[in-house]
Amino acid sequence: MISDDEALKRWRLVLGGDEADGTDLQLSGPELAMDRTLQALYDSDRRGGLGSSAPNVARWLGDIREYFPSTVVQVMQRDAFERLDMKRMLMEPEMLDAVQPDVHLVANLIALAGSIPAKTRDTARKVVSRVVEDLVRRLADPMRQAVNGALNRSARNRRPRHNDIDWPRTIRANLKHFQPEYHTVIPEVRIGYGRRRQSMRHIVLCIDQSGSMAASVVYSAIFGAVLATLPAVDTSLVVFDTAVVDLTDQLDDPIDLLFSTRLGGGTDINRAVAYCQQLVRTPHDTIFVLISDLFEGGVEEELMKRAASLVASGVQFIALLALSDEGKPSYNAPLAAQLATLGIPAFACTPDRFPELIAAAIQRIELRAEAPNQP
């Protein structure tokens with residue numbers, strides 16, 4: 001529990017110190033410095049704020065890192081981009097050096113990639129690289145473990161020939177049938193080694209790159225690159241707005257992949273699904289993940305026909321409304337409901353739950369019940 005004095009200071013910082021805030025509290029020391037950084041951003045319309053000077057903004061970015069925790073810094077940076085037109089100032093290398101890198105900054109840099117001047121391009125790439133490397137360290141191992149474990153479980157043969165029996169696993173599964181008088185186990189359940197195939201599942205990530213899906217594009221690219229390193233999974237990655245671009249051949253370098261996307265623009269989901277439909281070779285072994293808020297700018301009736309055709313062929317079709325750290329996303333609820341009538345689950349997913357989602361899809365677990373963060 002915080003003290004009454006501490007609670008009053010926090011309210012004073014929130015309310016801003018005007019006559020109407022009701023606290024009648026004078027700040028000093030660190031609290032006064034924190035108040036000034038907040039004032040520069042949130043009272044900028046009335047008090048001049050940060051202005052358009054890149055050095056002033058760079059200094060302010062350093063101040064917020066000093067006075068606030070990382071999660072608060074990221075929120076304030078995002079607010080500054082929107083309120084103070086900081087996107088324009090990201091064209092300066094000293095600004096990029098001052099900003100705390102995160103997924104949203106990467107999304108902003110990707111959106112600006114075509115207009116970033118040469119003097120800033122290398123710095124921008126280094127910033128993106130730092131964020132991507134950090135995310136890969138955090139997300140890669142859980143993804144590999146979840147997928148490999150799910151593949152192993154889904155491939156087990158319960159009616160093996162004698163030479164295909166996995167005896168250690170079979171013995172463990174039948175310990176309850178141990179016969180003391182014979183000093184042996186009766187193998188009522190026999191477990192065999194899985195099918196040996198070079199690629200057991202084909203995962204198609206179809207990603208909406210309209211502006212509202214910026215964070216989802218970043219996370220999807222990283223997960224696609226990780227999945228591409230798994231020999232038992234064949235991974236395709238397609239991005240779309242009103243055009244469709246297949247970036248599968250760039251999965252070995254998630255940074256190049258990100259800079260090949262084009263955030264913003266319209267949305268033609270039907271056209272993207274039509275392209276991905278051509279990639280399906282063995283429907284029963286294909287997991288198709290459409291990552292979109294479902295605000296369709298194309299022909300919705302044709303989209304529903306294609307979705308129904310994919311499901312009928314045996315493709316496991318999943319609609320992710322967002323793949324991001326944010327809460328409940330804004331999405332086209334009527335279209336999500338129509339997809340649900342076809343047996344296509346539609347829900348949002350945080351990055352830490354995505355490996356679990358793919359593992360469940362590989363095992364064909366009912367995703368309506370298992371889906372993380374359903375809207």
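The axes of helix H14 (residues 300-313) and helix H15 (residues 333-341) come within 10 Å and cross at roughly 30 degrees, the axes being lines fitted to C-alpha atoms, for helices over the stretch in contact, with angles that run from 0 to 180 degrees between N-to-C directions. That angle makes H14 roughly parallel to H15, where under 35 degrees counts as roughly parallel, over 145 as roughly antiparallel, 65 to 115 as roughly perpendicular and the rest as oblique. Helices (H or I, at least four residues) and strands (E, at least two) are DSSP runs, numbered from the N terminus.

This is a predicted model, in which local features need pLDDT of at least 70 and side-chain atom pairs count only at pLDDT 80 or more, while totals for chains, interfaces and linings use all residues. Residues are numbered from 1 along each chain as its sequence is written, and side-chain values use heavy atoms, with hydrogens and water left out.

Where H14 and H15 are in contact (heavy atoms within 4.5 Å), Glu300, Leu303, Met304 and Ala307 in H14 meet Leu335, Gln338 and Leu339 in H15. By class, this contact has five nonpolar, one polar and one charged residues, with Ala, Val, Leu, Ile, Met, Phe, Trp, Tyr, Cys and Pro counted as nonpolar, Asp, Glu, Lys and Arg as charged, and the others, Gly among them, as polar.

The structure also holds two aromatic pairs. Rings of Phe, Tyr and Trp (its six-membered ring) pair if their centres lie within 6.5 Å, and planes under 30 degrees apart count as stacked, over 60 as edge-to-face and the rest as tilted.

| Pair | Centres apart | Angle of planes | Class |
|---|---|---|---|
| Phe223 and Phe354 | 4.7 Å | 45 degrees | tilted |
| Phe288 and Phe317 | 4.8 Å | 90 degrees | edge-to-face |

Phe223 is buried, with a relative accessible area of 1%, and Phe354 is buried with 0%; buried means under 20% relative accessible area, exposed over 50%, and partly exposed in between (1.4 Å probe, protein chains only).

The buried residues of H16 include Phe354, Pro355, Leu357 and Ile358. H16 is followed by Arg364, whose phi is positive, near 55 degrees.
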